[in-house]
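User: I would like to understand the terms used for a protein structure. Please show it, and I will ask about the labels one at a time.

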Amino acid sequence: TSWIKPLNAHFHVGVTSLSWPFLLMTAFLGLLCCIWLVADDTSPAVVGLVLVISASSLGVFASLDLLLFFVFFELALIPMWFLIAWWGDPHDPVGRRRAATRFLLFTVSGSALLLVGIVIVAVQSRTLQVFDVTSGSVVAASLIAIGFAVKTPLVPLHTWLPDAHSKAPTVGSVLLAGVFLKLGTYGLLFLGSGMLHDPFGKVAPILAVAGVVGIVWSALACYAQDDLKRLIAYSSVGHMGFVVLAISMQSVVGVAAAVFGSVAHGLITGLLFFLSGSLKERFGTASMTAIGRGLYARTPWLAVGFVFAAIASLGLPGLAGFWGELLSLRSAYEVGDVLSKPGVWTLLGFAVLGIALTTAYFVRAIRLIAQGESNPRDEDRDLGGHEVVVSIALAASILVLGVAPGLIVGLYDSAVIR
C-alpha cells in the first residue's frame, strides 16, 4: 500500500523463507515473557513495553520496504530504554540508567549510519522496495554493515551489551539476547548479503575477522566474570561471531547456518536468562560466588534447567546449539566465493578454538553454582509454576531443533530471500 508518495515509500510487509523463523521465534519469546510477567504480578506498563518491543521487532522481520524497515528498527529502542532504566536492577538505579543510556547511544549511532546507507541505496536504485533494488555501492554496504554490527554486536562495538544485560530485568535480557541481537544478524543477511550481494562481498572479509575475534575474545572474557548475567552476555558476543562468520561466506550453507544459529541462540540464551533471573530473584544477586555451590541439592530442578541450557549453549550434539556451530564451521570449510582458502581456514581454526574455550567456561560456571556440597537453606525455592512452563517450552524447542534441524535448514536454496 502506498504510504509516503513523495518518497515512493510503501507499507509493504510479507513473510519470506528467510524471515519466518525470526518471526516465529520473536512471537514465541514475547509470549513467554508475558507469561513470566503476568505470573509475577508485574506492572502493566512493563507488559505494555514488552508488547511494543515484540511488535516492533516483528515489523522489522516482515518489512519489505527500506523506510518501513528503518522505522520499525528504531521503534523498539525507546521502550527498551525505559525497561532497563526504570525496571532494571533495583539495587543499582544509577547503574541501570547508565547502562540504558549507553545502550541507546550505541544503537542510535549505528542506526544513523544505517539510515545514510539506506538513503544512498534508495537514491542509486530509485526505489525503497527491497526486491526492486538493482544497484548499490561499497560505501552503502559498509555503512549498513556497521549499523547492523552495532546491534549484533561485533567486537569492538559490543561494549554496551554486558552492562545492559547485567542491569536489565529478566524479560529485558531475554528480549535483548533473543530478539534485539537478531535484528542485526537478520539485517546483515537480508539487506547486506541479500539485497547488496556484490558490494557486501567487499565488506565480508572484515566482518568475518571481527566475528572470529569476537568468538575467542568473548570466551576469554567469560573467565573473568563472576556475574552470571554478564557471562551469558559475553557468550552471546561469541555465538553471534559464529553467525557473522557464516553470513560472510555468502553461500547457501552460510545462510542456513546463520538463520539456524540465530534461532538456536535466541532460544538457548532466552532460557539461560530466564533461569539466571530466577537465581537473582532468589539470592538477590547474580554473583556466582554469592549464590554459592550445591544448587543441585538446594534447588534441583532449577539446577537441571540451568545445566541443560549451558550444555546446549556450548554445543552438545543432539541440541540446537550444536547445529548452529557445526553449520557455521562447515560454511567456512567450504570457503565460498568471497574469501581465500588460507584466510578462511585460519579463521576456521580460531573458531574451533573458541568452541573449546566456550565448553571450558560453561563447565566452570556449572561447577561453581550447581555442583559441590551444600546444605539446603529454608529460603531456597525451586522452580515455580510459570518458571516450569517457560523452561519446558524452551527446553522442548531446543531439543526438537537439535534432533530435527531440517525444520529450518531444509528451507534454504539458491532463492533464499524470496
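**Labels and their cut-offs**

Analyst: Glu-334 has a relative accessible area of 43% and is therefore partly exposed; buried means under 20% relative accessible area, exposed over 50%, and partly exposed in between (1.4 Å probe, protein chains only). This is a predicted model, in which local features need pLDDT of at least 70 and side-chain atom pairs count only at pLDDT 80 or more, while totals for chains, interfaces and linings use all residues. Residues are numbered from 1 along each chain as its sequence is written, and side-chain values use heavy atoms, with hydrogens and water left out.

User: What is the mean pLDDT of the protein?

Analyst: The mean is 88, and 96% of the residues reach 70 or more. pLDDT is the predictor's confidence in each residue, from 0 to 100. Over residues 414-418 it stays under 50.

User: What makes Arg-330 and Glu-334 a salt bridge?

Analyst: The term requires a side-chain nitrogen of Lys or Arg within 4 Å of a carboxyl oxygen of Asp or Glu. The closest N and O atoms of Arg-330 and Glu-334 are 2.9 Å apart, so the pair qualifies. Arg-330 has 44% relative accessibility and therefore counts as partly exposed.

User: How many salt bridges does a search of the whole structure find?

Analyst: The search finds six. One of them joins Asp-92 and Lys-167, with the closest N and O atoms 2.8 Å apart. This pair links distant parts of the chain, 75 residues apart: Asp-92 lies in the loop between α4 (77-87) and α5 (93-125), and Lys-167 in helix α7 (residues 160-167). Helices here are DSSP runs (H or I, at least four residues), numbered from the N terminus.

User: Which residues are linked with Arg-102 in a network of salt bridges?

Analyst: Asp-163 and Arg-230 are linked with Arg-102 in that network. Arg-102 and Asp-163 meet at 2.9 Å, N to O.

User: How do you know that the length of helix α14 agrees with its number of residues?

Analyst: The expected span of a helix is 1.5 Å times one less than its number of residues. Helix α14 (residues 300-313) has 14 residues, so it should span 20 Å; its end C-alpha atoms are 20 Å apart, which agrees. Its buried residues include Leu-302, Phe-306 and Val-307.

Technical notes:
Contact means heavy atoms within 4.5 Å. Helices (H or I, at least four residues) and strands (E, at least two) are DSSP runs, numbered from the N terminus.
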